[in-house]
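Please read the following note with the sequence and the model side by side. The points are numbered so that each can be checked in turn.

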Amino acid sequence: MKTLARNTRDRIEAVLASGSGDDRRPALRRGNESNVRGLYIIGDLAGAPVIKLAMAQGVEVVDFISKLPEMKTPAEGDMLDVIVVGAGAAGLNAALAAHEHGYRHVVLEKGKIANTIENFPEGKWVYAEPDDTPPKGKLWLDGATKEDLVARWQHIVNDHGLDVRTEEPLTSLKRRRDVTFDITTPNGQYRARKMVLATGQRGNPRLLGVPGEDLERVYHRLYSPTKYHDEDILVVGGGNSAVEAALTLSQRNRIVLSYRGGEFSRLFKDNRQQLDRAIAGKRIEVMLNSTVTEFRSGSVTVSIDRGGHQDTREVPADHAFVLIGAELPVKFLKSLGIRLENEWTGTPLRALGLTALLLISMWFVGVLFGGPAPLGLELGRAAGWSGAGLAVLALAALIVTGCRNDRWAWLGVSFFVWYSIYGIKVGGGTEFWPYRGWGYESMSFFDRPWAFWYTVLYTTLMTVFGLRALKRWGLDRKDRFQMWRFASLISFQWLFFFLIPEFLFQLALKYQWVGEALANDPQFADQAWRSYGLIYAWPLFFYTFLYDPHLIWVVWGVLLTFVIIPVFVLFNGKRYCSWICGCGGLAETFGDRWRHLAPKGRASTRWEWMNMVVLIAAAVITLLMLGRDVVGLMRTADLGMWGYRIVADVWLVGILPVTVYPFMGGKVWCRYWCPLAKMMGMFSKLYVKLGISRFHIVANDKCIACNECSRNCQVGIDVMQFALKQETLDNATTSCIGCGICVTVCPMDVLSYSTDGDLHLPLLGAVPSTP
Ligand SMILES: Cc1cc2nc3c(=O)[nH]c(=O)nc-3n(C[C@H](O)[C@H](O)[C@H](O)COP(=O)(O)OP(=O)(O)OC[C@H]3O[C@@H](n4cnc5c(N)ncnc54)[C@H](O)[C@@H]3O)c2cc1C
Ligand code: SF4
Ligand code: SF4
């Protein structure tokens with residue numbers, strides 16, 4: 001039983017955490033501050049993919065710190081203002097910025113100055129990408145050999161008199177109540193007001209974890225390739241570092257390259273071509289689908305998967321290089337009390353119990369609002385007030401445990417909020433338990449029903465968070481595409497999903513803007529809710545053809561679904577989801593801060609079959625409803641209708657996806673369940689196959705494999721794979737919604753819409769994809 005519970009929990013956690021994949025990072029908030037107040041994390045450790053961007057973070061973090069009120073007065077006694085840990089690109093630039101601000105500071109470095117770069121292979125050329133971004137701060141950066149770069153940095157450190165304590169690693173850390181730090185190293189103790197952690201992750205190479213990996217001739221980095229001559233060498237790995245090492249070593253040695261994958265999918269185009277040439281010239285032997293099982297002296301045992309059965313081979317190897325990337329130093333970070341992003345810590349059963357208690361308490365609260373007493377008991381107001389007290393306690397317990405790092409508790413809070421909002425919105429008298437019979441009424445204020453206030457809430461969330469997203473992606477990055485996009489989402493919400501259905505429709509009737517006949521036709525006038533169908537096409541707006549619509553709505557519905565949308569898709573793919581739709585709009589705005597948590601990986605893409613099921617269900621039920629009187633399947637049609645309403649319209653579009661925004665990003669509905677998204681995807685795929693689609697994203701050859709594009713894609717597409725191989729990304733193979741965030745976020749300007757892929761809007765013409 002216990003095993004079953006643990007397995008179930010592990011599976012659920014795996015699904016919930018699938019957004020992070022291999023890309024684990026510390027959880028950071030504004031100014032790169034970690035959960036440990038006063039401790040900031042920058043550089044490689046915080047996801048800066050290249051030296052220039054790591055340097056920029058060094059400057060930015062000190063600027064941020066300098067604006068804090070407590071930093072306006074100087075530190076007293078032996079207290080340092082800032083202690084920087086790690087003398088790499090990020091740490092040195094932070095120390096230089098601290099020096100400029102006049103802060104008392106020390107840099108702790110466990111090795112030498114610029115240790116990571118010092119450890120690059122001899123003579124390696126260090127690129128100063130992105131080309132068109134000038135380096136920030138006092139540290140020098142230009143294309144140079146690693147030796148020249150390190151020498152330059154040494155000079156800068158000396159010229160500025162930076163206090164860098166080399167060979168002195170940070171070993172432990174204690175935070176005092178007054179939010180200052182006691183820092184311990186093997187050489188002594190320090191006290192500091194702020195701490196900047198810039199320790200990178202290169203010092204923590206990923207290991208295979210097999211016997212013999214600690215042998216003398218097994219290495220996890222290549223320092224001097226010229227040292228090896230006429231030897232048998234095994235290189236393990238399928239990324240650029242492994243392939244570059246294999247290519248360099250193959251000039252004077254016999255190389256076997258072992259990779260666990262079935263193909264090299266993450267290589268720079270140039271590396272791919274060189275590798276193909278080396279394989280053709282028999283300079284490198286590649287073993288795909290292979291796993292090292294043991295290192296021995298003079299050989300390595302490798303197991304090869306040959307389509308189901310395993311072969312074992314003994315590969316002669318004088319040396320072995322395991323170059324399978326670096327890992328986040330989790331143990332080290334944990335020892336400092338730092339939390340990681342998307343970590344499923346906590347107790348699911350406790351969260352479940354408290355959430356259930358909260359809902360049961362609300363059942364009793366209903367008595368105060370004239371709702372039916374639980375289980376038909378005779379209860380007075382005292383029971384209602386007790387319920388309210390218990391509800392407050394249960395909610396407080398969830399929030400307190402959540403603040404103590406119980407992620408399950410936050411899931412409970414999120415579920416409670418959205419279940420209540422949607423469970424009440426289903427309508428007076430049909431509300432979900434425990435709100436049945438009192439929820440809708442009690443949430444209707446100022447002569448307006450809860451459905452109206454729900455729309456107000458929705459529009460407010462979209463406006464507030466939409467403006468924030470507009471600033472984040474548009475204004476701050478001077479990206480016109482994103483400015484237009486968020487302006488469009490907010491405007492569609494205001495006009496078509498708020499003002500028209502709630503106010504303008506009635507005004508149009510009153511002042512007869514729609515003509516006298518229509519304004520006086522009850523079949524039209526009494527169905528203001530149909531105005532949602534102006535923009536929402538069937539099958540998203542499922543009811544467009546049902547419940548006795550006026551002919552004008554039927555004509556418009558057919559035109560929208562089967563003419564306008566298909567033509568829009570031809571030019572813009574599924575951009576309806578990221579420019580127009582209110583469901584996608586809430587995800588893009590309110591859900592924006594969690595976009596990097598979208599489920600990723602092959603399994604998550606396979607789950608996309610679900611929206612086909614919803615599309616088929618929508619089509620079948622629509623046909624049944626339209627023909628219910630004709631074919632006599634009334635009961636089946638009504639049952640289907642009832643089921644679709646509850647399952648799709650409430651749970652799949654409302655409660656579940658919004659509940660998981662903070663845990664799986666905002667696009668769960670759009671990606672997995674929306675039938676309109678599926679239909680647009682099918683049109684778009686067809687256009688690609690016919691060669692007439694005008695929507696696609698292309699890549700140039702400058703990708704540095706930083707993963708930022710994949711990390712920020714709300715629909716979990718591994719954009720980097722397309723970029724590295726310079727393959728076209730379209731809807732033939734992905735469910736891309738054309739939000740352009742991957743284009744915006746790329747530090748190397750690798751991605752773009754080709755000219756014929758610019759956004760085509762009737763009034764604006766083509767909106768260029770690049771700033
Ligand atoms: C093979 C390879 C090639 C690359 N080529 C390029 C390139 O050409 N151009 C480019 O822009 N980027 C390149 N990069 C990426 C680049 O190295 C990183 O982006 C950059 O080094 C990150 O800087 P950082 O300061 O965050 O971390 P790092 O440079 O890794 O610095 C971290 C420092 O912290 C120290 N440290 C670690 N733990 C402790 C501790 N407990 N106490 C004290 N100090 C500690 C380390 O010794 C190190 O000096 C390459 C990376 C690799 C692996
Ligand atoms: S691939 Fe890019 S444009 Fe497409 S959905 Fe993902 S981030 Fe948006
Ligand atoms: S395409 Fe993606 S992985 Fe490549 S540099 Fe740009 S953001 Fe990084």
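1. Arg29 forms a salt bridge with Glu33, and their closest N and O atoms are 4.0 Å apart; a salt bridge here is a side-chain nitrogen of Lys or Arg within 4 Å of a carboxyl oxygen of Asp or Glu. Arg29 is partly exposed, with a relative accessible area of 44%, whereas Glu33, at 15%, counts as buried. Buried means under 20% relative accessible area, exposed over 50%, and partly exposed in between, with a 1.4 Å probe and protein chains only.

2. Please keep in mind that this is a predicted model, in which local features need pLDDT of at least 70 and side-chain atom pairs count only at pLDDT 80 or more, while totals for chains, interfaces and linings use all residues. Residues are numbered from 1 along each chain as its sequence is written, chains are lettered from A and ligands numbered from 1 in the order in which they are written, and side-chain values use heavy atoms, with hydrogens and water left out.

3. How many salt bridges does a search of the whole structure find? The search gives 28, and one of the pairs is Arg25 with Glu708, whose side chains meet at 2.9 Å, N to O. This pair links distant parts of the chain, 683 residues apart, with Arg25 in the loop between α1 (2–16) and β1 (39–41) and Glu708 in helix α27. Helices (H or I, at least four residues) and strands (E, at least two) are DSSP runs, numbered from the N terminus. Both Arg25 and Glu708 are buried.

4. Another salt bridge joins the side chains of Glu588 and Arg485 at 3.1 Å, N to O. Because Glu588 lies in helix α19 (residues 582–589) and Arg485 in helix α14 (residues 480–510), the pair ties together parts that are 103 residues apart in sequence. Glu588 counts as buried at 0% relative accessibility, and Arg485 is buried with a relative accessible area of 0%. Salt bridges that share partners join Arg472, Arg485, Glu588, Asp592, Arg595 and Lys667 into one network.

5. Around ligand 3 there are 13 residues, and the closest are Cys703, Cys706, Asn707, Cys709 and Cys746; a residue is counted if one of its heavy atoms lies within 4 Å of the molecule. The elements that give two or more residues to this shell are α27 (708–712) and α28 (719–724).

6. The residues around ligand 2 include Cys713, Cys736, Cys739, Cys742 and Tyr753. Its shell has 10 nonpolar, two polar and no charged residues, where Ala, Val, Leu, Ile, Met, Phe, Trp, Tyr, Cys and Pro count as nonpolar, Asp, Glu, Lys and Arg as charged, and the others, Gly among them, as polar.

7. Two cis peptide bonds deserve a look. One joins Trp433 and Pro434, with omega about 5 degrees, and Pro434 lies in the loop between α11 (407–425) and α12 (439–442). Another joins Trp538 and Pro539, with omega about 10 degrees, and Pro539 is found in the loop between α16 (522–525) and α17 (551–572).

8. Asp230 is not a glycine, yet has a positive phi of about 55 degrees, and Asp230 is found in the loop between β10 (218–219) and β11 (232–236). Most residues other than glycine have a negative phi, and most peptide bonds are trans.
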